[in-house]
Structure formats: C-alpha cells, structure tokens
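My entries follow the order in which I looked.

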Amino acid sequence: MAPAPILDSIVDTIEPRKETLPLPEPARQRLLKAGIDLSKGYPYRPSVPLYLQDVYKIRNEERIYEDAGARADKSKKNLLSAATKVTDLTTHIGTEIEGLQLKDLTPEQRDELALLIAERSVVFFRNQDLAPQQQKELGEWFGEVEVHPQTPQVPGIPGVTVIWPDLFTLERPADFRRPGGASNWHSDLVHERQPAGITHLHNDTVPPTGGDTLWASGYSAYEKLSPEFRKIIDGKYAVYRSAHPYLDRENPDAGPKYIERTHPLVRVHPATGWRALWVNRSMTVRIVGLDKAESDVILNYLYDVYEKNVDIQVRFKWTPGTSALWDNRITIHNASWDYGGRHPRHGTRVTSLAEVPYYDPNAPTRRHALGLLDNQEKSELGVAE
C-alpha cells in the first residue's frame with residue numbers, strides 16, 4: 001500500500017468520511033454470487049486506531065513461519081503439467097499460467113505456485129472464478145493473512161482488502177499531475193515485524209484502456225550492482241516505515257508519526273536462497289549507522305537502479321477476472337493511474353505475512369545460482385569459466 005498524505009490520514013482516523021459510490025456491476029455480481037451481505041454498506045470500514053502505541057502492539061510477537069515454496073517439489077510438475085500454457089512474460093520477471101483455477105489447486109500445486117512466485121516474482125492467472133472467501137483461504141495457505149487496521153474490507157471477511165481507486169479519490173482527490181491509487185513504487189507492509197510475503201490481487205473490474213501494474217525484480221536489481229558496491233550494502237540495515245501515520249499518545253502535540261522497524265537492505269528468500277535488494281522509495285527511511293547525507297546518496301541510487309532498469313520489470317495489462325500473485329520480499333510494484341478515474345476499477349487483495357527478514361552472506365544471486373553469469377560478471381566475481 002502506498003503512503004497516505006499525513007493530514008488526510010489523521011483526519012480520516014478521527015472522523016471517517018461517509019461518501020458512498022455505486023459499486024461497479026461486475027464487482028457487485030461477484031460479491032453477491034459469493035454471498036457477501038451488501039445491505040449494510042460497502043466496503044466495511046474498521047475502527048481505526050488513533051495512537052502509535054496501539055498499532056505497535058499489533059502482531060508484535062514473532063510467529064512461526066514455514067514458506068510454502070520451500071516444501072514444494074522443485075520441478076513444479078503438479079502445477080505446470082496441469083496448465084494448458086505457461087508463458088514467461090520477460091526474461092527476469094513475470095509468468096502467466098493458463099488453464100487453471102486458483103480455487104481448485106491441490107495442496108501440492110499451491111506449494112509449487114509459491115515456489116514459482118519465489119522464482120519468477122509475480123505470476124498471473126486470467127479468467128478466474130474466485131470468491132473473496134476462496135481468495136482468503138488460498139492466502140492462509142501461504143501464511144498468516146494480514147488484517148489491516150486502516151483499509152476498507154469486504155464485509156464479513158477480515159483480511160480481504162478492497163482496492164477501489166474511485167473510493168480512494170473521494171477521500172484524497174487525484175488528478176493528472178497528482179495521480180491516485182498506488183501510483184508510486186513500493187512494497188506492501190514493510191513496517192511489520194514480519195513483513196508481507198505473497199500478495200494476491202484479484203481485479204473483477206478494470207478499465208478498457210490503462211490501469212496497468214508494473215513490477216520490478218529485487219533479485220535483478222541487486223545483480224545490477226557491482227560486486228564492490230554490493231559489499232557496501234550487504235549486511236546493512238535500514239529503517240522502514242508504515243504507509244499510515246498515527247499520533248503519539250505520550251506527545252500528541254508532536255504531530256503524526258509512522259510505525260518504524262529495522263530490516264536488512266539485502267534479504268534472502270527462504271524458498272530460493274537467492275539474494276534480493278529490498279528497498280522502496282516510498283517507505284525506506286534511512287540506512288542505520290550512516291549520516292543522513294550518506295544514507296540519502298546510497299538509497300537514491302538504489303531506488304534508481306530498481307525503478308529505471310526496464311529490462312528487470314514487467315508491465316501487465318489487466319483483463320476482468322484476473323489474479324496477480326507477487327512476492328513483496330523480492331519486488332516493488334507501481335499501479336498506473338493513466339485511466340484517470342474515467343472508468344471504474346475494483347478488486348480485492350489478500351496479503352500473507354512471511355518471516356522476519358534475514359541476510360545470509362553465503363547466499364548466491366539468482367544469476368549465479370542458475371548458471372546465467374556472463375563473462376564480465378564471472379570476471380568481476382572471480383568465478384572460473
């Protein structure tokens with residue numbers, strides 16, 4: 001979730017706005033088919049906590065986590081053999097699978113899907129007949145489903161967040177120069193003690209033109225760095241903040257503050273064992289142990305590497321009833337608002353929380369592990385031909 005403007009977020013916390021919108025018809029039909037009660041209004045808005053101290057207590061204890069991809073058959077034969085077509089959309093990131101319904105996956109296929117997401121960063125399924133309840137049940141397979149204290153939800157299903165840009169722009173007006181939605185590069189829930197793993201966004205309603213989403217590969221962003229530069233950031237920690245601010249109960253006059261937690265700049269995915277750059281311009285605050293000027297120089301360079309190398313990105317054109325599942329541990333993403341609110345867009349999102357982020361100095365890069373290093377990389381790393 002992209003960061004909210006401070007003043008608007010605090011005002012909404014104290015006194016939620018009451019505007020209503022007509023629900024797009026494809027979304028309405030999907031929700032009614034799933035037995036969702038819309039009679040009390042849509043979406044459901046939780047009672048939002050006001051104080052920083054209360055939010056810090058949410059999920060503040062370490063939880064046991066087992067990565068579904070780590071227990072999968074490495075060949076992924078159960079998943080891939082059942083598909084009618086599997087297409088890698090770019091060399092480094094993004095795969096589309098045809099001929100499968102997510103609601104019907106077996107336990108073995110679910111594990112193999114988690115591994116495929118860990119390897120390819122984001123996986124797409126079109127023409128899905130998927131109720132919000134089924135979306136949440138799949139999310140629970142991948143980890144504890146995050147129930148957000150601020151975002152609107154599908155009534156009666158905590159943890160299924162409503163993604164409805166037209167609703168968001170009622171609360172925070174947007175225009176061409178200041179686009180709405182999640183139109184900046186970010187990763188979800190980086191401030192959590194155990195941040196997000198797999199996110200599953202199902203869009204039942206999409207504009208006929210525009211509204212694409214972009215993802216960039218953290219594996220490849222790290223590999224774009226020279227071996228000497230990697231040594232500068234390997235093992236370093238950074239401060240990551242929440243998208244929403246809160247008041248400090250002990251000093252409310254100080255104004256809104258964000259949840260902040262410290263995690264490694266470079267992390268290792270438990271299913272692949274590969275290193276990934278883990279920063280995002282929206283919510284990485286500073287590198288621990290460096291002066292602000294030093295931290296800013298390094299972080300801004302890392303953001304640019306991540307955001308400006310188009311060969312490590314995928315841009316996806318949505319169609320109604322499409323699901324995208326991506327891994328926040330190894331990606332950043334950006335939703336284009338180029339349709340400018342002229343057409344409705346609506347979906348539901350489920351995010352599964354993962355492990356406490358960690359760095360392993362013995363972990364390889366993706367290209368090294370897969371034998372993809374070119375001669376220049378081998379020379380720089382001292383790898384034998």
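I began with E146, which is buried in this predicted model, because its relative accessible area is 3% and the cut-off for buried is under 20%. I then looked for its partner and found R59, with which E146 forms a salt bridge whose closest N and O atoms are 3.9 Å apart. R59 is buried as well, at a relative accessible area of 15%. I noted where the two sit: R59 lies in the loop between α3 (52-56) and α4 (77-80), whereas E146 lies in the loop between α6 and β4 (161-163), so the pair ties together parts that are 87 residues apart in sequence.

Next I turned to K33, which forms a salt bridge with D129, the closest N and O atoms being 3.1 Å apart. This pair also links distant parts of the chain, since K33 belongs to helix α2 (residues 25-33) and D129 to the loop between β3 (122-125) and α6 (132-142), 96 residues apart. K33 counts as exposed at 63% relative accessibility, while D129 is partly exposed at 34%.

I then looked up E66, whose salt bridge with R71 has its closest N and O atoms 3.5 Å apart. E66 is exposed, with a relative accessible area of 54%, and R71 is partly exposed, with 34%.

How many salt bridges does the structure hold? I recorded 30 of them.

Definitions and conventions
Residues numbered from 1 in each chain as written. Predicted model: local features only at pLDDT ≥ 70, side-chain atom pairs only at ≥ 80, totals over all residues. Heavy atoms only, no water. Salt bridge = Lys/Arg side-chain N within 4 Å of Asp/Glu carboxyl O. Helix = DSSP H or I, 4+ residues; strand = E, 2+ residues; numbered from the N terminus. Buried < 20%, exposed > 50% of the residue type's maximum accessible area, 1.4 Å probe, protein only.
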